[in-house]
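Open the model in your viewer and keep the selection panel handy. We will go from the whole chain down to single residues.

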Amino acid sequence: MHQALRLRMTRLRESITDGEPREKLSTELGLFCLGFCTALNSHHRAEDGELFPRILAEHPGLAPVVAKLNEDHVLLGYLLTDLERAVATADADELLRHLDGIEAIMDSHFGFEERQITAVLDAMTTTDADIVRLLGAD
């Protein structure tokens, strides 16, 4: 899931830096927000609502990690909302600044999550048929 979201971000950056006309860029960004923003928010809602409570039930010592991940989810939600508002009027430089912020938090968040709970997730993938749903990847 993280790799797919990273790839979408790279493609969006390329469309902005390629100098696409504003009209086309606005349409692409609208579609991006519809797809990417929805995918990222769905992934985080699934983690917050189902995956993290399940992890905490089995690994209560991970509470500080999960709290940090939840904080990142809230911050990313605000940044995505700001991007959605900027799509209609922002120029390429402003859009790239929005993406810089989202990408910085997203990369930090994904890296932290991957370092801290990959072993737990790997164990779940071998024992839990609902893991795709729990990751918000369905």
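A residue counts as buried when its relative accessible area is under 20%, as exposed when it is over 50%, and as partly exposed in between (1.4 Å probe, protein chains only). By that rule, 39% of the 138 residues in the protein are buried. This is a predicted model, in which local features need pLDDT of at least 70 and side-chain atom pairs count only at pLDDT 80 or more, while totals for chains, interfaces and linings use all residues. Numbering starts from 1 along each chain as its sequence is written, and side-chain values use heavy atoms, with hydrogens and water left out.

**Whole chain.** The protein exposes about 7,400 Å², and carbon and sulfur atoms supply 56% of that (Shrake-Rupley method, 1.4 Å probe).

**Helix H1.** Select residues 2-17. The 16 residues of H1 reach 23 Å from first C-alpha to last, close to the 22 Å expected at 1.5 Å a residue; the expected span is 1.5 Å times one less than the number of residues. Color His2, Leu5, Met9, Leu12, Arg13, Ser15 and Ile16, the buried residues of H1. Look down the axis of H1: these buried residues fall within an arc of 160 degrees, so they line one face of the helix. That arc is taken from the directions from the helix axis to the C-beta atoms. On the face turned away from the buried side, pick out the exposed Gln3 and Arg11. After H1 comes Gly19, with a positive phi near 75 degrees.

**The cores.** A nonpolar core is a set of buried Ala, Val, Leu, Ile, Met, Phe, Trp, Tyr and Cys residues joined through side-chain atoms within 4.5 Å. Which residues have the most contacts inside the largest one? Select Ile16, Phe36, Leu40, Leu95, Leu99 and Met106, within a core of 22 residues. H1, H2 (22-58), H3 and H4 (92-127) each supply at least two residues of this core. Next, zoom in on Leu99: leaving aside residues up to four places away in sequence, Leu99 touches Met9, Leu12, Arg13, Ile16, Phe32 and Leu83 (contact means heavy atoms within 4.5 Å). Then move to a second, separate core of 12 residues, including Ile55, Phe112, Leu121 and Met124.

**Helix H3.** Finish at residues 63-86, where the end C-alpha atoms of H3 are 35 Å apart, in agreement with the 34 Å that its 24 residues should span. Among the buried residues of H3 are Asp72, His73 and Gly77.

Definitions and conventions: Helices (H or I, at least four residues) and strands (E, at least two) are DSSP runs, numbered from the N terminus.
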